[in-house]
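Morning, everyone. Please have a look at it first.

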Amino acid sequence: MEPSDIIPGTLYLVATPIGNLRDITLRAIEILKTVDLIAAEDTRTSRILLDYHRIQTPVISYHDHNKERITPRLISRLLDQQSVALISDAGTPGISDPAFYAVREAVAHQIRVEAIPGSTAMISAVILSGLPTDRFVFEGFLPAQKGRQKRLKELAEDPRTLVFYESPHRLERTLNDLYRVLGDRPIAVARELTKKFEQVVRTTLAEVDQQGVTWPIKGEFVLVIGGLTRKLKRTEES
Ligand code: SAM
């Protein structure tokens, strides 16, 4: 790709790896090398990726706690016909991270936005789960307190495969809550995808309840849970 392929005044949403530094497209590397500025959620994590691929573009920090302050700066550079790439800590920007805020502002200013697709943890977890993939619902992180029970109760009747992100420190509590509200379900726990300690544990919520967590509670997790099937409904009713 030639630098001329960059369209001035465009916000590029560039997917980066969820672990393995080589899980990035050729186009993503070219865009990151060519834009005027990279806005990165975690500049330290992104530095490792950018150095690995010899990308020397200037980087600014854009995260949940500075997004209101930084977005107007990004918008003003875009309106000046500069090009900006937005990258998240890992995976696809806009999936459970603050990219949405900048995209909404860009759209409001009629700025061109382009997605450069690649990894996202939920898709890898869904396809590895062995659970139905024809319909699934991505729930991101469950609320920590307010609205948590309500959200779970709403999902209890959902026939689609359910997908959650979870942090290690809340994992056990979430597995517990899932079992209490959804009852027994098949579950795939996808841990550290594409990394050295990648692991997919396919079990059931009842088994986890009885045996406890039998894998290391370290790293990053996606939980994929079977939806309410007719068979499960009949078992619950009888
Ligand atoms: N934008 C990212 C994406 O496209 O997947 C997600 C960002 S969200 C702030 C981070 C969460 O994604 C983690 O807490 C974890 O639930 C999940 N995640 C990210 N990388 C992962 C990996 N390598 N293995 C398992 N889960 C991962």
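Start with the strands. β7, residues 161–166, and β10, residues 221–225, each supply at least two residues of the shell around the ligand. Keep in mind that this is a predicted model.

The shell as a whole has 20 residues, and the closest are Thr92, Thr120, Tyr165, Leu193 and Phe221.

Which domains does the shell draw on? Domain 1, residues 3–116, and domain 2, residues 121–237, each give at least three residues to the shell.

At isoleucine 18, a backbone N or O atom lies 2.9 Å from a ligand nitrogen. At isoleucine 95, a polar backbone atom is likewise 2.9 Å from a nitrogen atom of the ligand. Threonine 120 uses its side chain: a polar atom there lies 2.7 Å from an oxygen atom of the ligand. Threonine 120 is also listed among the closest residues of the shell.

As for cover, the ligand on its own has 570 Å² of accessible area, and the protein covers 92% of that.

Last, the location: the ligand sits in the largest pocket. That is what I have; questions are welcome.

Conventions:
Residues numbered from 1 in each chain as written. Predicted model: local features only at pLDDT ≥ 70, side-chain atom pairs only at ≥ 80, totals over all residues. Heavy atoms only, no water. Near = heavy atom within 4 Å. Polar contact = N/O pair within 3.5 Å; in protein donor to acceptor, adjacent residues only side chain to side chain. Areas by Shrake-Rupley, 256 points an atom, 1.4 Å probe, with all protein chains shown as cover. 1 Å grid on protein atoms, 1.4 Å probe; cavity = no way out; pocket = protein on both sides within 12 Å on 5 of 7 lines; lining within 4 Å. Sits in = over half its atoms within 2 Å of the grid points. Helix = DSSP H or I, 4+ residues; strand = E, 2+ residues; numbered from the N terminus. Domains from an automatic or database assignment.
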